[in-house]
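This report describes selected backbone and surface features of one protein model. The structure is shown first, and the description follows.

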Amino acid sequence: MNYLLKGGRVVDPSQQLDSCPLDILVERGVIVKLEDNIAKTGAAGRRAKSGDLQVFNLEGMVVAPGLIDMHTHLREPGFEYKETIRTGSEAAVASGFTSIACMPNTNPVNDNRAVTEFIKRKAQECGLVRVYPVATITVGSEGAHLAEFADLKDAGAVAFSDDGKPVMNAGIMRRALEYAASIGMPVISHCEDLNLSAGGLMNEGWIATKLGLPGIPGIAEDIMVARDIALAGFTGTPVHIAHVSTKEAVSLIRNAKTRGIGVTAETAPHYFSLTDEFLEEFDTNGKVNPPLRTPDDLQAIKEGLRDGTIDAIASDHAPHGRTDKEVEFEYASAGISGLETSLALGLRLVEEGALTLTQLIEKMSIMPAKILKIPGGTLRVGSVADITAFDPGMAWTVALPLFRSRGKNSPFGGWALRGKAVLTLVNGEVKYRNPLPLDGGGLGWG
Ligand SMILES: [Zn+2]
């Protein structure tokens with residue numbers, strides 16, 4: 001099937017493009033034309049005659065490069081009650097994502113080619129979203145011995161990370177950065193000094209004191225960000241900092257970038273949407289690692305996004321089962337099921353003027369593609385048709401039981417948000433279209 005996407009506002013930061021109305025013609029999986037008012041018939045009228053062209057009227061919609069989430073947890077193998085590659089893929093395409101990278105803290109952990117190949121095979125069987133496995137830095141994510149990087153790359157891993165845990169040994173981290181750089185692979189660092197965070201349940205500060213909960217100080221993150229920047233500078237290799245949550249980390253990364261150090265960074269929507277005040281009701285849906293921080297940190301995250309210090313927005317999608325969350329705060333697992341609220345929470349930043357729409361899409365498409373060195377993030381003529389269309393104004397209320405993800409754990413339940421994916425094309429095929437009747441008209445399916 002070929003597709004004509006008509007009349008949308010096409011926003012593609014990779015071509016400095018923000019134009020409305022603009023049409024996109026997709027033939028045999030590839031974007032072949034990007035023009036105003038493409039005729040519904042081909043040059044020789046063949047398409048209409050053969051009936052193989054489907055037209056989508058996307059008036060009022062934003063059409064963007066397929067969104068890329070560079071930090072998700074799909075939980076399979078090992079924790080299928082939290083999420084499977086299929087349910088995670090379904091949640092992803094319904095939320096506008098055409099590619100996702102999944103972290104290796106499964107059971108067994110993805111520290112060998114058998115697991116990497118299993119994830120890739122499962123994802124292909126699902127045939128929804130592109131799934132890029134991230135393999136571990138160290139064997140078993142235990143921080144002692146480097147995993148077989150070259151073998152993992154060969155099996156299809158796109159990056160290395162012990163996410164969920166830091167690499168505490170700076171000597172191991174140095175070798176990891178050098179070895180990964182020598183084979184052109186990115187390293188994603190979960191920055192947490194375990195000695196400083198030990199025993200902590202939420203951000204260290206007056207709210208933790210008031211609640212009587214042990215705190216995780218911001219410096220547990222900052223000191224590791226500083227270390228990894230120092231290592232990147234010393235070795236001349238790049239490092240990517242995962243889920244930045246503190247003001248000081250933003251400042252360290254900003255400073256490193258001005259010194260020409262190859263550091264990139266991501267944050268997650270909860271760090272620019274919520275603070276530790278959310279935990280005053282002891283709601284375990286707000287327990288996450290790194291923890292929700294202070295209003296000062298939240299402002300710094302927004303500023304870091306705005307000025308380019310933080311390159312990407314990633315969901316850190318961390319689905320959990322009820323038994324993981326419906327327990328005492330101390331025993332609850334950390335994490336937020338984030339895929340399905342990512343875009344709408346990002347759009348709040350656009351609505352309040354913290355980011356332009358172009359900046360938001362840049363941080364959710366082309367930047368993750370660049371950091372992970374994977375295809376996508378562009379609507380250039382000739383590129384594979386990974387395309388997301390969303391209604392930026394569609395109002396909806398977050399209803400956790402309706403999440404496609406098995407993880408219903410989110411602090412955003414009941415929130416009134418705006419913006420929802422309406423059409424997701426992966427490799428030139430429709431993988432999701434919003435089944436709801438849409439407000440405001442405009443979206444017609446022909
Ligand atoms: Zn992490």
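A residue is called buried under 20% relative accessible area, exposed over 50%, and partly exposed in between (1.4 Å probe, protein chains only). The model is predicted: local features need pLDDT of at least 70, side-chain atom pairs count only at pLDDT 80 or more, and totals for chains, interfaces and linings use all residues. Residues are numbered from 1 along each chain as its sequence is written, and side-chain values use heavy atoms, with hydrogens and water left out.

**Surface patch**

Ile219 counts as partly exposed because its relative accessibility is 43%. Ile219 belongs to helix α8 (residues 219-235); helices (H or I, at least four residues) and strands (E, at least two) are DSSP runs, numbered from the N terminus. Together with Leu196 and Ile223, Ile219 makes a nonpolar surface patch of about 230 Å².

**Cis peptide bonds**

Cys20 and Pro21 are joined by a cis peptide bond with omega of about -5 degrees, and Pro21 sits in strand β2 (residues 17-27). Another cis peptide bond links Asn107 to Pro108, with omega of about 0 degrees. Pro108 falls in the loop between β7 (97-102) and α3 (113-126).

Technical notes. Patches are made of residues with over 30% relative accessible area and no salt bridge: like charges are joined within 9 Å, nonpolar side chains (Val, Leu, Ile, Met, Phe, Trp, Tyr) within 5 Å. Accessible areas come from the Shrake-Rupley method with a 1.4 Å probe; for residues, only the protein chains shown count as cover. A salt bridge is a side-chain nitrogen of Lys or Arg within 4 Å of a carboxyl oxygen of Asp or Glu.
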